[in-house]
2 protein chains.
Amino acid sequence: MTAAPPELAALHERAAILADLSHIHSLLFWDQNTMMPPDGAPARGDQAATLEAVSHERLTDPELGRLLDALEPWAAEQDPDADDVRLLHELRRDFEKAVRVPTSLAAEISRAAALGQAAWQEARAAADFSRFRDAFERQIELRHRYVDCFTGFDHRYDVLLDDFEPRMTTATLRPLFSELCEGLVPLVAEAATDAPVPEGGPFGGPHEVEHQRLAIMSVLEGVGFDPDGWRLDVAPHPFAQRIAPGDVRITTRYDLHDFAVAFFGALHEFGHGLYEAQIPPRLGRSLLGSPVSLGVHESQSRLWENLVGRSRPFCAWVAPRLAELLPGLDGANAEALYRRVNAVHRNLIRVEADETTYNLHIVLRFELELALIEGTLSVDDLPHAWNDGMHELLGLDVPDDAQGVLQDVHWGAGMVGYFPTYSLGNLMAAQLWEALAEDVPDDARGVLQDVHWGAGMVGYFPTYTLGNLMAAQLWETLTEDIPDVDETIGRGDFAPLREWLGEHIHAQGRRLPPAELLQRVTGRELAVVPFLRYLRGKLAGVGVLPPT
Amino acid sequence: MTAAPPELAALHERAAILADLSHIHSLLFWDQNTMMPPDGAPARGDQAATLEAVSHERLTDPELGRLLDALEPWAAEQDPDADDVRLLHELRRDFEKAVRVPTSLAAEISRAAALGQAAWQEARAAADFSRFRDAFERQIELRHRYVDCFTGFDHRYDVLLDDFEPRMTTATLRPLFSELCEGLVPLVAEAATDAPVPEGGPFGGPHEVEHQRLAIMSVLEGVGFDPDGWRLDVAPHPFAQRIAPGDVRITTRYDLHDFAVAFFGALHEFGHGLYEAQIPPRLGRSLLGSPVSLGVHESQSRLWENLVGRSRPFCAWVAPRLAELLPGLDGANAEALYRRVNAVHRNLIRVEADETTYNLHIVLRFELELALIEGTLSVDDLPHAWNDGMHELLGLDVPDDAQGVLQDVHWGAGMVGYFPTYSLGNLMAAQLWEALAEDVPDDARGVLQDVHWGAGMVGYFPTYTLGNLMAAQLWETLTEDIPDVDETIGRGDFAPLREWLGEHIHAQGRRLPPAELLQRVTGRELAVVPFLRYLRGKLAGVGVLPPT
């Protein structure tokens, strides 16, 4: 072991500044989506772009490259798992990705995103894909130019995927999604009901918004929301955002007629927030102090939303609690609630899909993206391919493009390269895109300049499904480690669950690549079986499938 | 006229980036004081410091100096009143101030501010100046080292003053304040009542906070608060902040027992906010798009709080409006309200002082600061000098240091040099200091790192009084231009007033130095007479003095 060279302190300082700038960016984003008066939008775009430019300038500073080079010989002699070595590794990764993309291309992608999103909005309003066609083709072309900046990959799609899910490859995803699809299609056929979704949702609304809010605060404080370090606000497109290690902000939205919207939305964002809140302080002001990937992030949100929030013991704990705060809710009927929140319905719209059908929506997008990038599908043929896929996977006929290929902003806002190198972390992209989903303000300078902060499309969708798969796989390990987790949830003791997640996932920050993280925690590679096993068990439990 | 050289566009771009960074800083400040959960404080200090460093680096970039030099010959041939020439001039001013102060001294001042504020807090809690003595002496020493960075001034205090009130000098202030003092001391003696302040304040509280809030929103929307471009929030130490040209945020605080606290606080901040809101869009993303000085800023807030808000026609307009929203208030008795909100009471505490006595508090601080800088007063003798001055000016005996020399954070937080060059604008300092007034969070890394954003003490207090003087002087011109302004206020038509302020003051941004601005608008130099005339008229109007 040699003593740490002086360059190490300089590297830490640079990482700290990049982390600060990223957190400031998070605040701009949070504010824009919760507090900012509408007339602030144009200037917010400028502010975000300026902050972005400052971050990018710092990340691509040749002096950073010199520091990284100077530290290599020292790092080679250290424990590869040491924080400093991991930091060096991750900073080099970000630096090299950043310097490979010429500023002119980044600017072009940014501009195209703005134009693309405007075209998408118009096309979606008219339910007419043809109005979006040219803009989308331009995006595909720019994505290819982005891929051309890199070398050493097996598949062009890998380069895009890597921006959201580091080190994930098409070769891994393809069989995984294929297996998932084979499991889900018959499962949905068996489990889905054609009965209409009940009026008032599973909680029998309407419920006054203020009652909903108090009920959610009560539940959140029960699961671990700490008012000294968290906020809950309203956002039309809910997201979670960490402004600082002690400052985690989650949002939800309220539907007067369906409490489930706010309730499961809040639990979902709580899962994201808890990941961020439990990243240890020593990593807080460093590149390592951010979630490692969108997939892992989504695994945390879906775990709380579905594996915890839609579980029998959770329903047993939460039903009487909610009954106190939501007039008209029957708290004694936890079992009925459990069944209602786990009903399976086919739905054309991804964001309205239930736990069982959801991933088929992602499989569809993944296959289409891959075909577009491989060149086996033309942009002109995309709507047709979408409609065919929807029929094949979910048995649904798509009535128009707005309810089909144009439903997500992801492609609309424009195939923007996600520049992870811009130091913002994948998280912001997830949040940005979820927040943008469905509709966006008109002003191109406002939201659209934000797009290039950390957004992009191709290669993004799979992370949603990766999150669902990881959540189920983590849950199997968790229940081995905490055999009485159902019992603790049933009595409202969420500390063992939080601590297990904190120790095994959250404490790592970005230290380990996602695949290595999952391997270490669960002892195996990412797999489909735990998710399908979980779904089958759940659906049998609620009586939708026969007992296993 | 020669064509603009290419350097001009580069200069604009740099000014735009500095403006963006300054606005982002404003957002950090606003959020910290309204929304941030308490555990976010330590990291917020880091974020602010990083943003500060980034701004400072950009402002002191030698390339900026080169651009400024290159543009001089061109500027010399232009209309000196042209925006571009003014921008060049102001940027050079900021640049030169920034490069003169060595980073090491700036860091020392920052550190000393943190230590000084901690010492002040301890001393204030113990009501014992001696515990603050050493830290304060260190601040004075650092202020002198700061002054030593500059040349070409007549008085050392001028250098400190210039950071808050550009181009204001001790030679101008001294006779002005002396004249003011001579006018005010007998006026207070004649007008002050020893009757106790009525329970429930002038509006006869208590009034529920939500009723107060709705009443204030109603009044604010009446005077020109536009929900599309403004926010009203709660802050323990109210301030106004512009995040962007279309995004002005004001705050107030609610006292259950005294509606006047929230009401006049909101009107005061509305005045600040309107200044910022009416800066024209063409200056919005430029160094010129900020208020020109703390004094001018304060003139706008005091104008709305006092000259408008405590006027007879305003009381006539607002009383019935408030009566509808504040149960128990008698809306017909506008005249009684007018008298109650204009009562004169002697008070030991500046922030509780009324319109008539307020400026004597500032005169006291100005004279003590000047004596400290001139070396005719030692730090050890400061409490004694304070108590003597309070007796002389207001006839009050100071029972302890906490109600005397230790009452304001300004000296406590520590004589910090205000680095206008850091591009944050004087506004932030005003707001920071007003927000900090009285007490501050414990965490030194949180608030105290903020201190060096744009704060400082010596030379700051006079701007409060300058604002009051300017407001009265502007009002005389305004009533000449709009002879029926009382009538328009009485019927709730504030548009002529807003427009006059917008055209004459707000539209200039930072284009003109404060003295030139006042000269152009009122046709004369800053004077005391209009203020005294206004006060005498007001006090006669409410029956405190005999009719004039």
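In the predicted model, Glu57(A) and Arg58(B) form a salt bridge, with their closest N and O atoms 2.7 Å apart. Across the interface of chain A and chain B, 8 salt bridges are found. Polar contacts between chain A and chain B link 14 residue pairs, with both residues at pLDDT 80 or more. On chain A, several elements each supply at least two residues of the side that touches chain B. They are helix H1 (7–34), helix H2 (41–59), strand S1 (230–234), strand S2 (240–244) and strand S3 (247–252).

The contact draws 37 residues from chain A and 37 residues from chain B. Together the two chains bury about 2800 Å². Carbon and sulfur atoms account for 60% of that area.

Two copies of a chain are related by a rotation about an axis and a shift along it. Here, a rotation of 180° superposes chain A on chain B, with 0.0 Å of shift along the axis and an RMSD of 0.0 Å.

The largest nonpolar core holds 159 residues. Those that touch the most other members are Leu91(A), Phe203(A), Phe263(A), Trp304(A), Phe314(A), Leu322(A) and Leu497(A). Helix H14 (residues 358–374) of chain A gives this core its largest share, 11 residues. Phe263(A) illustrates the packing. A second, separate core contains 158 residues. Among them are Val223(B), Ala266(B), Tyr275(B) and Leu372(B).

In chain B, helix H14 (residues 358–374) includes Leu364(B). The relative accessible area of Leu364(B) is 4%, under the 20% limit, so this residue counts as buried. Leu364(B) touches Trp386(B), Gly389(B), Met390(B) and Leu393(B), with residues up to four places away in sequence not counted. Asp388(B) lies 24 residues from Leu364(B) along the chain. The C-alpha atoms of Leu364(B) and Asp388(B) are separated by 9.8 Å.

The peptide bond from Gly205(A) to Pro206(A) is cis, with omega near 5°. Pro206(A) sits in the loop between helix H8 (170–191) and helix H9 (209–223) of chain A. In chain B, a cis peptide bond joins Gly205(B) and Pro206(B), and omega is about 5°. Pro206(B) lies in the loop between helix H8 (170–191) and helix H9 (209–223) of chain B.

The other feature concerns an arginine. Arg167(A) is not a glycine, yet its phi is positive, at about 70°. The residue is placed in the loop between helix H7 (156–162) and H8 of chain A. With 35% relative accessibility, Arg167(A) counts as partly exposed. Arg167(B) also has a positive phi, near 70°. This arginine is found in the loop between helix H7 (156–162) and H8 of chain B. Arg167(B) is partly exposed, with a relative accessible area of 35%.

How values were computed: Residues are numbered from 1 along each chain as its sequence is written. Chains are lettered from A and ligands numbered from 1 in the order in which they are written. This is a predicted model: local features need pLDDT of at least 70, side-chain atom pairs count only at pLDDT 80 or more; totals for chains, interfaces and linings use all residues. Side-chain values use heavy atoms; hydrogens and water are left out. Copies are superposed by least squares on the C-alpha atoms of residues with pLDDT of at least 70 in both. Helices (H or I, at least four residues) and strands (E, at least two) are DSSP runs, numbered from the N terminus. Buried means under 20% relative accessible area, exposed over 50%, partly exposed in between (1.4 Å probe, protein chains only). A nonpolar core is a set of buried Ala, Val, Leu, Ile, Met, Phe, Trp, Tyr and Cys residues joined through side-chain atoms within 4.5 Å. Contact means heavy atoms within 4.5 Å. Buried area is the accessible area (1.4 Å probe) that two parts lose on being put together, summed over both. A salt bridge is a side-chain nitrogen of Lys or Arg within 4 Å of a carboxyl oxygen of Asp or Glu. A polar contact is a pair of N or O atoms within 3.5 Å; within protein, one must be able to donate a hydrogen and the other to accept it, and residues adjacent in sequence count only if both atoms are side-chain atoms.
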